[in-house]
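Please view the sequence and the structure together while reading.

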Amino acid sequence: MGVSAGANIGERLMSVGARHYGNIREQALDWLGKVEIDQSRIDDLPHTFSGGMQQRLQIARNLVTAPRLVLMDEPTGGLDVSVQARLLDLIRSLVRDLNLSVILVTHDLAVARLLSTRLMVMQRGEVIEQGLTDQILDDPQAPYSQLLVSSVLQV
């Protein structure tokens with residue numbers, strides 16, 4: 001994070017062979033726009049960004065090379081509720097628009113319900129239940145899954 005926002009994105013492009021500065025900068029500007037970061041911030045250092053902007057910058061950095069599968073580990077962790085909502089909307093639209101597959105690791109069942117179609121519940125590294133997200137969250141079968149769902153409802 002010691003280089004500019006544009007360089008963060010450009011670094012990934014260079015790792016896959018891009019060498020033309022103008023093209024790299026143009027793609028970085030395009031991706032900043034896609035993740036709802038003001039393009040005038042391209043030369044700013046990421047530490048001057050809010051937590052939500054830093055998350056969006058890292059999403060742009062990872063998606064610029066057009067992966068088909070993305071792993072997201074607690075993508076909304078540490079963000080306040082309003083920032084989480086914007087980030088979740090952005091992730092949903094990027095997944096839809098780019099036809100991405102995402103493996104999402106989260107403890108937040110609301111995030112899981114919003115972003116996933118299939119859910120896998122794990123306990124101590126073992127899969128204890130899997131299936132359609134709504135089916136598992138609405139009618140959990142495994143005792144641990146029942147405990148997880150009920151703890152969210154009682155909070």
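In this predicted model, the contact between α3 and α4 brings Gly-52, Gln-55, Arg-56, Ile-59 and Leu-63 of α3 against Val-83, Arg-86, Leu-87, Leu-90, Ile-91, Leu-94 and Leu-98 of α4. Sorted by class, the residues in this contact of α3 with α4 comprise 8 nonpolar, 2 polar and 2 charged.

**Packing of α3 and α4**
- Helix α3, which spans residues 51-63, packs with α4 at an angle of about 15°, and the axes of the two helices lie 10 Å apart.
- Because angles under 35 degrees count as roughly parallel, α3 is described as roughly parallel to α4.
- The crossing in which α3 passes α4 is right-handed.

**Overall architecture**
- The protein chain contains 7 helices and 4 strands, and these follow one another along the sequence in the pattern α-α-α-β-α-β-α-β-β-α-α.
- Taken along the principal axes, the box filled by the C-alpha atoms of the protein chain is roughly 55 × 30 × 25 Å.

**The largest pocket**
- The largest pocket has a volume of about 1000 Å³, and its lining is made up of 30 residues, with Leu-104, Ser-116, Arg-118, Leu-119 and Met-120 lying nearest the centre of the pocket.
- At least two lining residues of the largest pocket come from each of the helices α4 (81-98), α5 (109-115) and α7 (143-154), and likewise from each of the strands β2 (101-105), β3 (118-123) and β4 (126-132).
- By class, the lining of the largest pocket divides into 19 nonpolar, 8 polar and 3 charged residues.

**The second largest pocket**
- The second largest pocket holds about 200 Å³ of space, and among the 13 residues that line this pocket, Gly-6, Ala-7, Gly-10, Tyr-21 and Ile-24 are the closest to its centre.
- Helices α1 (5-15) and α2 (21-34) each contribute at least two residues to the lining of the second largest pocket, and α1 gives the most, with 5 residues.
- The lining of the second largest pocket consists of 7 nonpolar, 3 polar and 3 charged residues.

**Where the topics meet**

Conventions. Residues numbered from 1 in each chain as written. Predicted model: local features only at pLDDT ≥ 70, side-chain atom pairs only at ≥ 80, totals over all residues. Heavy atoms only, no water. 1 Å grid on protein atoms, 1.4 Å probe; cavity = no way out; pocket = protein on both sides within 12 Å on 5 of 7 lines; lining within 4 Å. Points joined across faces, edges and corners; volume = space filled by probe spheres on them. Nonpolar A, V, L, I, M, F, W, Y, C, P; charged D, E, K, R; others polar. Axes fitted to C-alpha atoms, helices over the stretch in contact; angles between N-to-C directions. Parallel < 35°, antiparallel > 145°, perpendicular 65-115°, else oblique. Left-handed = near helix turned anticlockwise from the far one by under 90°. Contact = heavy atoms within 4.5 Å.
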